[in-house]
Amino acid sequence: MMRFDPFREIEELTQRMDRAFGNGIAAQTARLAPPVDVHEDEGGLELTLDLPGVQPADIQIEAENQTLTVQAKRNYTRGEGRTAHRVERAYGTFSRTFSVPAKYDLTKVEAEFDHGTLTLRVPRSEAAQKRTVQVRTGGQLSAPKTVDAAQTTPATSDTPATETQNAEVSQGA
């Protein structure tokens, strides 16, 4: 004999209604967007995403038009003769899109996948690198000065690295 649990009954009813009206799909899709950390240093940007249960072959990374997109798929395998009583972990395909400022070189993106963590490194472009410039005064060379290329160019509409975390997120089911 099974004991009556009103909270379990309400939870099951909510899940059924979500499936019937599609709200469960939106909630599951939201869970598929992995958390990301974005860091910046003199070398460039580093994005770190948690992708537990994803195989390296199921990860696709695209970089174009100052946009970096990461797509991955986590498959759900149901064993034959097994009944799932509860499936809470998210499965399916997701996509995260990040707007990257022009001062970073998307043609040189490096990716490393280790123990469920994807790390992307986006180096600064050559034009944005710091370099030493010697200044001549009256025909004489003075002490070298370090000039940051980003400071010598006019202000652009590029998003600062600190705002890169507020990137667009698009998710698929």
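Reader: A salt bridge puts a side-chain nitrogen of Lys or Arg within 4 Å of a carboxyl oxygen of Asp or Glu. How many salt bridges does the structure hold?

Author: Six. This is a predicted model, where local features need pLDDT of at least 70 and side-chain atom pairs need 80 or more, while totals for chains, interfaces and linings use all residues. Residues are numbered from 1 along each chain as its sequence is written, and side-chain values use heavy atoms, with hydrogens and water left out.

Reader: Which residue does R121 pair with?

Author: E112. Their side chains meet in a salt bridge at 3.8 Å, N to O. R121 has a relative accessible area of 32%, so it is partly exposed (buried is under 20%, exposed over 50%, partly exposed in between; 1.4 Å probe, protein chains only). E112 is also partly exposed, at 41%.

Reader: Which residues are joined into one network by shared partners?

Author: E40, K103 and R124, through salt bridges.

Reader: OK, K108. What does K108 bridge to?

Author: D105, with the closest N and O atoms 3.9 Å apart. K108 is partly exposed, at 43% relative accessible area. D105 is buried, at 16%.

Reader: And R86?

Author: R86 bridges to E88, 3.0 Å from N to O. R86 sits at 48% relative accessibility, so it counts as partly exposed. E88 is partly exposed too, at 49%.

Reader: Switching to the inside. Which residues touch the most other members of the largest nonpolar core?

Author: L47, L49 and V122, out of 19 residues in that core. Such a core is a set of buried Ala, Val, Leu, Ile, Met, Phe, Trp, Tyr and Cys residues joined through side-chain atoms within 4.5 Å. Strands β1 (36-41), β2 (44-50), β4 (67-74), β5 (92-99) and β7 (117-123) each supply at least two of its residues.

Reader: What is V122 in contact with?

Author: Leaving aside neighbours within four places in sequence, V122 contacts (heavy atoms within 4.5 Å) G43, G44, L45, L47, L68, V100, Y104, D105, L106 and V109.

Reader: Back outside. Which residues form a nonpolar patch on the surface?

Author: L13, M17 and F21, with about 350 Å² of accessible area together. Patch residues have over 30% relative accessible area and no salt bridge, with nonpolar side chains joined within 5 Å and like charges within 9 Å. Areas come from the Shrake-Rupley method with a 1.4 Å probe.

Reader: Is F21 buried or exposed?

Author: Exposed, because its relative accessibility is 64%. F21 lies in helix α1, residues 6-21 (helices are DSSP runs of H or I, at least four residues; strands are E, at least two; both numbered from the N terminus).
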